[in-house]
Amino acid sequence: MLRKMAGFSSLDLEELKRRAEILRSQTTNSTSSSYSSVCPKCHDTGTINVIELVDTGFTNSKGESIMREQIKTDPITGKLPLCECYKDKLFDKYNASAGMKPEERMRLFDSADIDDENASKFEIARAFVEQIEHHLAAGAWLYIFGDAARARPRGLSEVGTGKSYLTHCIGNELTRAKFKAIYVTEDKLFGDIKATYNRDSEESEGEVLSRYQDVPILLIDDLFKSKQTDWTEDKLFHLLNNRLGPNKVTIINSNYAPNRIELVCPKTGSAISSRILGAALNVEMIGKDRRRQQRRTEVPKWTSSNSMQKRFVD
Ligand SMILES: [Zn+2]
């Protein structure tokens, strides 16, 4: 007990200092008013520090046990219990909604404009989120697509069918349920990697890649939007390949059916296809172009701004 305790004490001090430093830097850099006050539970150390008395196993000359003060640790992890404020600050960095534009954060399953065409797709996505822990354990993916080759011959559209909208609903629901996730568009994903090549970049390429590789849930919006280069194909293949397996869920939407990814990724497309076909639940969204419909529709004066927000934008 004594040896264990001593080990923890020194480690905890270092850990405490490190956390206090992180919290201090977050407090200084943040403009949010919620960070300006000191947390009453942990005094901004990030951990709940309860002092307890522990028997050292030694006795004094009177035969009384010598007690010693120790910061109480979690009996299972052996670490200091984290304060809710620290968990919230960590979550700030890894919640899907953080990567979205303000109007995208408003998109929710409950307020979405559901009709006969998209109802079943929304049900699949909602069920996927409800079962997310199960999918995490299994390493299941979700691939939402609309493809011109399948839509056009039937007089339908592959764009404007609400794929991004649905992805936003999924991401916002994951945030509400406090699941660690990152939402990113293809542009931002490659932009983040490229930014590390600048001499004054604070992050290395490896750090950026591992952020996207290791996050439990990754949502990629509008993948294969641009013609891939050898470089983007390579990065994408390694990213997706490293996300295969348990404890990781990848949610993608794109304008390519899984078996046609090769068209936009000539080098690694077939390998990416087989990974998606192997790991993902596929949801096809083709139908009317809701964006075009939205542009054509004159907004009547009595339409509330609220119902406008519910309209789909891909
Ligand atoms: Zn706290």
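**View 1. Strand β5, a mostly covered strand.** Of the 7 residues in β5, 6 are buried; a residue counts as buried if 20 or more other C-beta atoms lie within 10 Å of its own, as exposed if 12 or fewer do, and as partly exposed in between, with C-beta atoms placed from the backbone. The strand spans residues 217-223. Helices (H or I, at least four residues) and strands (E, at least two) are DSSP runs, numbered from the N terminus. Please keep in mind that this is a predicted model, where local features need pLDDT of at least 70, side-chain atom pairs count only at pLDDT 80 or more, and totals for chains, interfaces and linings use all residues. Residues are numbered from 1 along each chain as its sequence is written.

**View 2. I217 and its contacts.** I217 is found in β5, and it counts as buried because it has 25 C-beta neighbours inside 10 Å. Leaving aside residues up to four places away in sequence, I217 touches L174, F179, K180, A181 and V249; two residues are in contact if their C-beta atoms, placed from the backbone, lie within 7 Å. G171 is 46 residues from I217 along the chain, and their C-alpha atoms are separated by 9.4 Å.

**View 3. An open sheet of 5 strands.** Follow the strands across the sheet and you meet them in the order β4-β5-β6-β3-β7, with parallel pairing; two strands pair if DSSP finds at least two bridges between them. β4 (181-185) and β7 stand at the edges with a single partner strand each, so one side of each has no neighbour in the sheet. On average, neighbouring strands here are turned by 10° against each other, direction ignored. For such angles, axes are lines fitted to C-alpha atoms, for helices over the stretch in contact, and angles run from 0 to 180 degrees between N-to-C directions.

View 4. β4 and β5 run parallel and are joined by 5 bridges, with I182 having L218 in β5 as its bridge partner. Another 5 bridges join β5 to β6, which also run parallel, and here L219 has I251 in β6 as its partner. From β5 the chain crosses through helix α9 (residues 230-242) to β6 in a right-handed β-α-β crossover, meaning that, with the strands pointing away from the viewer, the path from the first strand over the helix to the second runs clockwise. I251 is also the bridge partner of L142, and β3 and β6 pair in the parallel sense over 4 bridges.

**View 5. Helix α3 and its two sides.** The 12 residues of α3 (residues 119-130) reach 16 Å from the first C-alpha to the last, close to the 16 Å expected at 1.5 Å a residue; the expected span is 1.5 Å times one less than the number of residues. F122, A125, F128 and V129 are buried in α3. Seen down the helix axis, these buried residues fall within an arc of 125°, so they line one face; the arc is that of the directions from the helix axis to the C-beta atoms. On the other side, A119, S120, E123, A127 and E130 are exposed. The cover over the buried residues includes α4 (132-138), β3 (141-145), α6 (163-176) and β7 (280-284).
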